[in-house]
Amino acid sequence: MIELYAITSHPGPPLPDVAPLREIERDRLSAVIAHIDEEPVATADRLWHHERVVEALMQSRNLLPVRYGTCLPDEDAVAGALDRRREELITALEFVRGAVEVSVRVFGQGSEDQRDASDRNRSGADYLREKARRGHERARAVSAVHEPLRALARADAERPATLDRELLRSAFLVDRPRVATFSRLVAALQASHPGLQLLCTGPWPPYSFAQR
Amino acid sequence: MTDKLLHRPPDPDLLAGSLPSIDPVLSRRVNADPENLERGLAQLVLTLVELLRQLMERQALRRIDDGTLSEDQIERLGRTFMLLAERMEELRHEFGLDEEDLNLNLGPLGNLL
């Protein structure tokens, strides 16, 4: 069985020495793969290994990262997949060329209402008003943080916030040389919005922008 | 992972948890292989129910903002949404699904929710 790591342009630089990797080339595209004995399981170690391989590849080439756990039966199937989605993959690679993903999370102050959602004594009106308050807080975070950062990015995406106090989770596709400017703007936005907490991580492979 | 930190929030507690997370690596698809069919189907159905629940909730919030609902109506609507949210959480637990599992990647259209 074959595990996929990334789709990249061919020809490219030599493969990094982080795992027994192989390249399957079709015309101007290549898939970076590894032969594996059994279907991958989602453990934190395996996920980080996958991430390390993709990031090592990212150092020297433009790529479309493949999500962990994507497998195909054999090399012919990989070649077939490259052939079938050729145009789409070339367009997608062109879109992320020279850019990386930067993630920004925005946290608010949290609610003064200490009662949690499972409190059965809480009134329906309180529940809805708390939702409305969060909605407005989120909209303010979008215009205070997401909008200014978007001006420095090639593309942007919003993902659902899931953590407590988290108002916003955004992904930005940023040109490699612009990452430093981008993180300086994050620091400036933090300074001018003391009520918000900004967390910025990256550079990541362009996971949020690989499928378009 | 500190090499991935481009900006650290002033409140250090925020970094004590699961941040930065590895979630971008995890696939978010309906799992349709035969052994997991029941869970995959539950995931699909609950995703659709969750979508409808959120749409209705947003509609209610808009009407509160517009001031077209009476106190009594707000209370009743809020109560209904609260119970729905609780029930959804119970069902998610029953099928071992996370909140993120109820969000489908629609390819070029982005995420469903």
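User: Which residue stands opposite B:His7 in E1(B)?
Analyst: That's A:Cys200. Keep in mind that this is a predicted model.

User: OK, and how many bridges join E9 of chain A to E1(B)?
Analyst: Two, and the strands run antiparallel. E9 covers residues 197-204 of chain A.

User: What's the strand order in the sheet they belong to?
Analyst: It goes E7(A)-E8(A)-E6(A)-E9(A)-E1(B), an open sheet of five strands with antiparallel pairing.

User: Why is one side of E7 of chain A and of E1 of chain B left without a neighbour in the sheet?
Analyst: Those two stand at the edges, each with a single partner strand, so one side of each has no neighbour there.

User: How much are neighbouring strands turned against each other?
Analyst: By 25° on average, ignoring direction.

User: Which helix packs on the sheet?
Analyst: Helix H4 of chain A, residues 124-150. H4 touches E6, E7, E8 and E9 of chain A, and its direction makes about 15° with that of E8(A).

User: Where does H4(A) bend?
Analyst: At A:Val142, by about 35°.

User: And what span should its 27 residues give?
Analyst: At 1.5 Å a residue, H4(A) should span 39 Å. The end C-alpha atoms are 37 Å apart, which agrees.

User: New topic: which residues touch the most other members of the largest nonpolar core?
Analyst: A:Val104, A:Val106, A:Val145, A:Leu149 and A:Phe182, out of 34 residues in that core.

User: Which element gives the largest share of this core?
Analyst: H4(A) again, with five residues. Other elements giving two or more residues include H1 (44-60) and H5 (179-192) of chain A.

Methods
Residues are numbered from 1 along each chain as its sequence is written. Chains are lettered from A and ligands numbered from 1 in the order in which they are written. This is a predicted model: local features need pLDDT of at least 70, side-chain atom pairs count only at pLDDT 80 or more; totals for chains, interfaces and linings use all residues. Side-chain values use heavy atoms; hydrogens and water are left out. Two strands pair if DSSP finds at least two bridges between them. Helices (H or I, at least four residues) and strands (E, at least two) are DSSP runs, numbered from the N terminus. Axes are lines fitted to C-alpha atoms, for helices over the stretch in contact, and angles run from 0 to 180 degrees between N-to-C directions. Contact means heavy atoms within 4.5 Å. The expected span of a helix is 1.5 Å times one less than its number of residues. The bend at a residue is the angle between axes fitted to the seven residues ending there and the seven starting there. A nonpolar core is a set of buried Ala, Val, Leu, Ile, Met, Phe, Trp, Tyr and Cys residues joined through side-chain atoms within 4.5 Å. Buried means under 20% relative accessible area, exposed over 50%, partly exposed in between (1.4 Å probe, protein chains only).
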